[in-house]
Amino acid sequence: MTPVIAATSLSKSFETKTGTVGAVREVSFRVAPGEVVGLLGPNGAGKTTTMRMLSTLERPTRGSAVVAGHDLLRDAHGVRRSIGLVAQSGGTRPIATPRDELLLQARIHRLAEPARRAQAMIDTFDLADLADRPTMTLSGGQRRRLDVAIGLIHTPAVLFLDEPTAALDPPSRAEMWQHIRNLRRRAAATVVLSTHHLDEADALCDRVLILDHGRLVAEDSPARLKRQLGDDVLTVALTGDAGRARDAVGGLPGVRGVHGDGNELRIGCQNADELVSRVVLALHDNRVEVRGLRVAHPSLDDVFLALTGHATHQEV
Amino acid sequence: MHTLQDIGVVFRSELGLALRNRIGIAIGLIQPFVYLLLFGPLLTQALPGGRNPWLFFVPGLLLQLGLFGTGFAGFNLIPDIRSGFVERLRVAPISRLAILLGRVLKDAVVLVIQAVPLIVLGYAFGMAANPFGVLASVALILITGIGLASLSYVLALALPNEWLFAPTVNSLAIPLLLLSGILLPIDRGPAWLDLLARLNPLRYVVNAARALFAGQLGTTVYIGGLVAVALAGISFAVGSRLFGRRTA
């Protein structure tokens with residue numbers, strides 16, 4: 001299938017007083033139609049700059065990209081027609097109403113029946129009660145919904161969401177997740193979103209691109225990235241010595257490694273959930289008393305830490 | 001063609017917001033109204049006999065309206081850049097020219113809308129102005145408004161921070177106002193003052209408006225018109241360059 005986005009060696013460097021800073025370095029990737037892709041990384045990793053380049057706001061220093069069939073450098077207008085960008089800051093005038101902003105966007109895109117189109121977005125994004133109030137009176141979550149509605153009004157081939165849930169409270173965040181999920185279900189839209197929340201990428205994305213210091217350091221589905229990192233860990237707390245217990249579970253199918261340490265047994269395995277009952281039975285048969293059990297799956301946090309050597313919340 | 005449509009889209013949206021702010025438009029009129037009511041009657045005595053003081057004074061007040069109303073247009077640009085609105089337009093498939101020109105045209109049209117009650121009041125006070133001349137002045141005001149709004153955007157974009165904007169506009173507007181002789185005929189002052197005033201483009205515009213109000217079509221009008229067009233063209237060109245650089 002022809003990709004909706006094909007970026008080749010996309011690079012952007014900025015001149016500062018202390019020299020040239022590479023914000024994005026030789027980033028290449030593809031996005032298939034209908035995919036939801038997450039750009040993941042700490043602040044300063046190059047997520048926003050990558051998005052700004054792909055949405056024509058920033059000119060790449062090197063490299064190129066084709067977005068929705070339009071070359072970024074040669075046909076910026078074509079790219080702009082086919083994309084929606086929801087920037088971190090939003091993009092609405094404080095004294096304008098949601099209806100004003102949606103109408104303006106519909107007219108910019110030369111949509112037929114702009115008023116009806118605006119009303120449709122108002123309904124879809126639960127803005128009916130707010131439609132004629134100045135945007136400055138809206139809450140953060142309400143304004144974010146409006147931003148997404150504006151970005152989607154022309155049913156773009158690609159929607160870029162730059163940190164869509166940054167600064168939202170947990171209920172608004174959950175609501176925004178639901179809108180993003182609906183988006184793909186209803187419109188099969190291709191979405192590129194940036195986030196530094198691993199749980200967000202895990203919950204919403206088919207694939208994550210992990211950026212660090214402007215470089216693409218990994219690219220895969222959240223599940224596979226986690227699997228690549230390695231094993232689930234089943235931790236068993238014992239009343240007695242771990243020695244006998246280690247012998248009892250060592251031969252079970254699916255077990256990759258067993259570490260006994262005092263009263264604790266740590267079992268590395270591919271799928272801890274499947275193994276739990278067998279471990280308990282084997283220990284029981286060997287008269288080992290079990291005090292407790294704990295299953296740990298690696299999180300994307302662990303993946304990130306393993307790939308970059310630092311956690312996502314650290315600034316780079 | 002597309003560019004014209006784009007300019008129209010931005011203009012329409014911006015004007016809609018501006019017109020909703022009726023209080024803002026009315027407040028902008030207070031200053032010239034106060035001058036008209038409290039200073040106008042004095043002029044009747046001060047001016048040389050035989051001249052209709054309102055024909056002299058009302059065009060000057062229109063310029064004052066432009067300097068202290070349209071001159072502050074740039075004040076609204078900074079929040080729109082900061083809120084991401086300008087960037088939203090830059091990501092949209094719309095002519096780059098339209099983003100700034102649509103705004104500037106809105107500012108110029110608001111100036112014309114504010115000029116109407118001032119002219120009507122002038123007539124009520126006994127200003128015997130030529131109606132066709134007044135209509136032609138409206139075009140002149142529109143063009144001057146484009147120039148003043150663009151200059152205001154230049155200031156807003158060039159100044160290092162927004163707190164400097166209001167004092168800077170004030171300190172520029174007052175000498176420009178005085179040097180265009182809106183209160184008293186400047187050609188009757190000392191030679192150095194007259195010379196200084198000749199460097200002020202707005203003086204020619206006011207003189208042209210006065211001539212039009214008096215129904216005299218001649219060199220003064222042509223020069224004033226040309227100066228207004230040049231001011232608008234140059235200011236807008238500088239403004240869009242700065243705008244492009246600042247928001248790139």
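How many C-beta neighbours inside 10 Å does A:Thr155 have, and does A:Thr155 count as buried, partly exposed or exposed? A:Thr155 has 13 such neighbours and counts as partly exposed. In the terms used here, a residue is buried if 20 or more other C-beta atoms lie within 10 Å of its own, exposed if 12 or fewer, and partly exposed in between, with C-beta atoms placed from the backbone.

The structure is a predicted model, in which local features need pLDDT of at least 70, side-chain atom pairs count only at pLDDT 80 or more, and totals for chains, interfaces and linings use all residues. Residues are numbered from 1 along each chain as its sequence is written, while chains are lettered from A and ligands numbered from 1 in the order in which they are written. The model has an ipTM of 0.88 and a pTM of 0.84. For chain B the average pLDDT is 90, and 97% of the residues score at least 70. Here pLDDT is the predictor's confidence in each residue, from 0 to 100.

Chain A comprises domain 1 (5-226) and domain 2 (231-297). These bounds come from an automatic or database domain assignment. A distance of 45 Å separates the C-alpha centres of the two domains.

Helices and strands are considered next. Both are DSSP runs numbered from the N terminus, helices being H or I with at least four residues and strands being E with at least two. Two strands pair if DSSP finds at least two bridges between them. In chain A, an open sheet of 4 strands has the order S2-S1-S4-S5, with antiparallel pairing. Its edge strands are S2 (19-31) and S5 (70-71), each of which pairs on one side only. Within this sheet, S1 (residues 5-16) and S4 (residues 62-67) run antiparallel and are joined by 5 bridges. A:Ile5 faces A:Val67 of S4(A) across this pairing.

Strand S9 (residues 207-212) of chain A has two pairings. A:Val37 has A:Arg207 as its bridge partner in S9(A). S9(A) and S10(A) form a hairpin with 2 residues between them. In the turn, A:His213 has a positive phi of about 50 degrees. S9(A) is mostly covered, as 5 of its 6 residues are buried.

Positive phi values also occur in two loops of chain A. Most residues other than glycine have a negative phi. A:Thr155 has a phi near 40 degrees. A:Thr155 lies in the loop between helix H5 (140-152) and strand S7 (158-162) of chain A. For A:Arg287, phi is near 60 degrees. The loop that holds A:Arg287 lies between helix H10 (272-285) and strand S14 (290-296) of chain A. A:Arg287 counts as exposed because it has 9 C-beta neighbours inside 10 Å.

Chain B contains 12 helices and 0 strands. Its radius of gyration is 18 Å, close to the 18 Å that the globule rule gives for 248 residues, so chain B is as compact as a globular protein of that length. The radius is taken over C-alpha atoms, and the rule is 2.2 Å times the number of residues to the power 0.38. Along the principal axes, the C-alpha atoms fill a box of roughly 60 × 35 × 35 Å. Of the 248 residues, 45% count as buried.

An unreviewed UniProt entry lists several stretches of chain B as "transmembrane region", among them residues 132-156 and 221-243. Such annotations may be inferred rather than shown by experiment; positions follow the numbering used here, and feature names are shortened. Residues 132-156 are 100% helix, with end C-alpha atoms 36 Å apart. Residues 221-243 are also 100% helix, with end C-alpha atoms 32 Å apart.

B:Ala228 sits in helix H12 (residues 219-247) of chain B. B:Ala228 is buried, with 26 other C-beta atoms within 10 Å. Leaving aside residues up to four places away in sequence, B:Ala228 touches B:Leu140, B:Ile143, B:Thr144, B:Gly147 and B:Val205. Two residues are in contact if their C-beta atoms, placed from the backbone, lie within 7 Å.

The contact between the chains takes 16 residues from chain B and 21 residues from chain A. On the chain B side, helices H1 (2-20), H5 (77-82) and H6 (85-91) each give two or more residues. The largest share of that side, 5 residues, comes from H6(B).
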